Amino acid sequence: MIVITAPTGNIGSHLLSLLLDSERARARDEEVRVVVRDPARLPDSVRDRVEVVTGSHGDAVVVDRAFEGADAVFWLVPPDGSLTPEAAYCGFTRPAAKALAAHGVGHVVGVSALGRGTPVAHRAGLVTASLAMDDLIAGTGVAHRALAAPSFFENLLEEVDTIRGAGVFTDAVDAGLKTPRVAVADLAAVAADLLLDRSWSGHGSVPVLGPEDLSPDDLARIMTRRLGRPVRYARQSLDELHRDLLGFRLDPAFAQGVVDMKRAKNEGLDAGVTRTPATGSPTTFDQWCARTLGPAVLAAGTP
């Protein structure tokens with residue numbers, strides 16, 4: 001039995017499809033259970049093939065029911081900007097940590113971030129909170145792998161309208177800073193392999209770095225070529241970012257956590273792991289633009 005949290009999100013939906021279509025999963029008679037607030041958001045093609053536990057995986061009663069009889073769990077925390085970073089990550093995870101131990105779950109694969117072991121890891125805002133969450137899970141004694149991810153290509157989908165209308169996307173990092181970036185489908189593929197293997201033990205990080213380091217200027221150049229229209233990067237100051245986040249009524253500590261994370265990325269947070277065949281992943285940004293961003297930009301202009 002594999003339990004999937006956040007199964008309707010970007011990563012979880014990819015992972016669910018991989019597990020349900022996996023010949024290896026069928027050969028092992030793996031069953032899949034999902035924890036979801038609204039089962040109606042599951043595709044019809046999925047709903048009848050999984051066991052559904054309705055509710056939040058931050059709820060002690062829900063995770064106690066979901067983890068009963070489970071062999072492995074995919075753990076993803078949807079950050080809640082109404083909370084402090086500690087509450088959003090560790091506070092949300094504490095009921096699950098207790099349930100993992102109580103039910104003797106063998107393996108957990110979680111989504112985390114790059115940065116562990118770097119000089120800025122202790123002052124990286126949301127990333128610092130995410131690393132503390134990893135330690136909380138590992139402390140239960142379960143075999144644990146934290147998928148250490150950089151920024152996702154999919155973050156750009158939040159800026160489809162400005163890319164289409166003004167040819168601009170924004171961030172708060174240096175325009176020339178080359179860092180790893182990854183497609184969520186690649187992260188889901190690594191998660192699926194770990195959940196189906198389960199020959200591993202102990203705890204540690206599994207970096208998933210994409211195929212190459214790219215700067216915001218690199219992204220603009222590739223988008224310009226792939227979309228057939230000029231796209232440029234506009235860097236936002238950390239002060240501007242902080243004001244914008246507070247304007248969205250985020251918890252002040254959470255807003256500061258985002259700012260601290262961006263500052264840490266500028267100072268080398270994502271540069272602590274070397275890309276190798278084991279840590280790289282296949283999808284290029286150019287491929288992702290062709291498959292995902294391009295259609296989204298075109299669709300944004302349709303009635």
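**Reading helices and sheets in a predicted model**

Colleague: At what angle do the axes of helix 10 (residues 238-247) and helix 11 (residues 252-266) cross?

Modeller: The axes of helix 10 and helix 11 cross at roughly 150° and come within 9 Å, where axes are lines fitted to C-alpha atoms, for helices over the stretch in contact, and angles run from 0 to 180 degrees between N-to-C directions. Helices (H or I, at least four residues) and strands (E, at least two) are DSSP runs, numbered from the N terminus. This is a predicted model, in which local features need pLDDT of at least 70 and side-chain atom pairs count only at pLDDT 80 or more, while totals for chains, interfaces and linings use all residues. Residues are numbered from 1 along each chain as its sequence is written, and side-chain values use heavy atoms, with hydrogens and water left out.

Colleague: How far apart are the axes of helix 9 (residues 216-227) and helix 12 (residues 285-299)?

Modeller: The axes of helix 9 and helix 12 are 10 Å apart, and these helices pack at an angle of about 60°; they are therefore oblique to each other, with helix 9 passing helix 12 in a right-handed crossing. Helix 9 contributes L219, I222, M223, R225, R226 and L227, which meet F285, D286, C289, A290, L293, G294 and V297 in helix 12. The residues of this contact between helix 9 and helix 12 divide into nine nonpolar, one polar and three charged.

Colleague: Turning to sheets, in what order do the seven strands of the open sheet stand?

Modeller: Strands of a sheet pair through backbone hydrogen bonds, either parallel or antiparallel. Here the seven strands have the order 3-2-1-4-5-6-10, with parallel pairing (two strands pair if DSSP finds at least two bridges between them). Strand 3 (51-54) and strand 10 (203-207) stand at the edges with a single partner strand each, so one side of each is left without a neighbour in the sheet. The twist of this sheet averages 20° from one strand to the next.

Colleague: How many bridges join strand 5 (residues 107-113) to strand 6 (residues 143-149)?

Modeller: Strand 5 and strand 6 run parallel and are joined by seven bridges, with R145 in strand 6 as the bridge partner of V109. Helix 8 (residues 184-197) packs on the sheet and touches strand 1 (2-5), strand 4 (72-75), strand 5, strand 6 and strand 10, its direction making about 170° with that of strand 6. Strand 4 is joined to strand 1 by three bridges and to strand 5 by four bridges, with W75 standing opposite G110 in strand 5.

Colleague: Which way do the residues of strand 4 point?

Modeller: In a regular strand the side chains alternate between the two faces of the sheet. In strand 4, A72 and F74 point one way and V73 and W75 the other way, and all are buried (under 20% relative accessible area, with exposed over 50% and partly exposed in between, for a 1.4 Å probe and protein chains only). In strand 5, the location of S112, this serine counts as buried at 8% relative accessibility. Apart from its neighbours within four places in sequence, S112 is in contact with S130, L131, D134, A146, L147, A148 and A149.

Colleague: Where does A6 lie?

Modeller: Most residues other than glycine have a negative phi, and most peptide bonds are trans. A6, in the loop between strand 1 and helix 1 (10-20), has a positive phi of about 50° although it is not a glycine, and R198, in the loop between helix 8 and strand 10, has a positive phi of about 60°. A6 is buried with a relative accessible area of 17%, and R198 is buried with a relative accessible area of 17%.

How values were computed. Angles under 35 degrees count as roughly parallel, over 145 as roughly antiparallel, 65 to 115 as roughly perpendicular and the rest as oblique. A crossing is left-handed if the near helix is turned anticlockwise from the far one by less than a right angle, and right-handed if clockwise. Contact means heavy atoms within 4.5 Å. Ala, Val, Leu, Ile, Met, Phe, Trp, Tyr, Cys and Pro count as nonpolar, Asp, Glu, Lys and Arg as charged, and the others, Gly among them, as polar.
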